[in-house]
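I opened the notebook to look up a few things in this model. The entries follow in the order I made them.

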Amino acid sequence: FQGPTLHLTQQLIIDRFGVSAFESINDYRLSAWLGQQEELHRIVVYQCDKQLTPWTKRSLRQADCILIVGIGWKEAVKGSVEKEIERIAVRAQKELILLHRMGSLKPKGTAEWLKERNWCTFHHHVRCPQRVFQNINLECLNDYTDLLEPDPDPTTDFARMARFLTGTAIGLVLGGGGARGIAHVGMIQAMHEAGIPIDLIGGTSIGAFMGALWADELNVKGYVDRATHWCKVISCFHSIDVLLKLD
């Protein structure tokens, strides 16, 4: 539970303060109100405009963390807002979010996105349902909240990204121990069944291998099948090695 969250847009500010909200005469009034909202809410999301408007500049100055969202399979071209980010928001943390279609395999072209944005401190790959990539009227979406927003699934990419952004990501470190490392498979399976997500994974020796196997698979059934196959192969090689030594 992260506490109260507020989503702010340019239209919301204009509705509250009028069309002159971003004029210099109202600067103190707007700054005071935004500061009050940040005190009252655990998280305040400032949604920028597509262009470098006064509201976008204000949002960039207010932000502690700036999220740059891109379509993962498209060309990594910088927009007009991005070109101003480093100059306007020098001290804010900047993270890149690349959206992908649901069911996508391993992402490609990430290096090109990062090469153009060396000021990003972190990046996320997020698989999304098709509706995210469609132009849908927001008022229409509000009428179908129950349909489009079921009980949150902690294993989705969106949930994982949210945990990273709020400092609640769950990491798992697997120890060594040779053949006993196969026990890690059962533990990861038990965590999955208990609804405990794994956002980061690492390990040493056999634990590093089992962790890498999970990171490559991210599916319990596939993970168990591959780990089982690996154990059978290793057991076979071990038996051959013993026979050779006996000979």
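In the model, residues 176-181 are 0% helix and 0% strand. I found the end C-alpha atoms of this stretch 6 Å apart.

I am working with a predicted model, where local features need pLDDT of at least 70 and side-chain atom pairs count only at pLDDT 80 or more, while totals for chains, interfaces and linings use all residues. Residues are numbered from 1 along each chain as its sequence is written, and side-chain values use heavy atoms, with hydrogens and water left out.

Of the 247 residues, 30% are buried (under 20% relative accessible area, with exposed over 50% and partly exposed in between, using a 1.4 Å probe and protein chains only). I also looked at contacts (heavy atoms within 4.5 Å). Among those with a separation of 6 or more, 72% join residues 24 or more positions apart.

I took H1 (residues 10-17) and H2 (residues 27-40), which pack at an angle of about 115° with axes 12 Å apart. Axes are lines fitted to C-alpha atoms, for helices over the stretch in contact, and angles run from 0 to 180 degrees between N-to-C directions. H1 brings Leu 12, Ile 13, Arg 16 and Phe 17 to the contact, and H2 brings Arg 29, Leu 30, Trp 33 and Leu 34. I sorted these residues into six nonpolar, no polar and two charged (Ala, Val, Leu, Ile, Met, Phe, Trp, Tyr, Cys and Pro are nonpolar; Asp, Glu, Lys and Arg are charged; the others, Gly among them, are polar).

Is Ile 13 buried or exposed? It is buried, at a relative accessible area of 0%. Leaving out residues up to four places away in sequence, Ile 13 touches several residues, including Phe 22, Trp 33 and Trp 55. Its C-alpha atom is 9.9 Å from that of Leu 34, 21 residues apart along the chain.

I counted zero disulfides (pairs of cysteine sulfur atoms within 2.5 Å). The closest cysteine sulfur to that of Cys 120 is in Cys 65, 9.6 Å away and too far for a bond. Cys 120 is buried at 15% relative accessibility, and Cys 128 is buried at 1%.

Terms used. Helix = DSSP H or I, 4+ residues; strand = E, 2+ residues; numbered from the N terminus.
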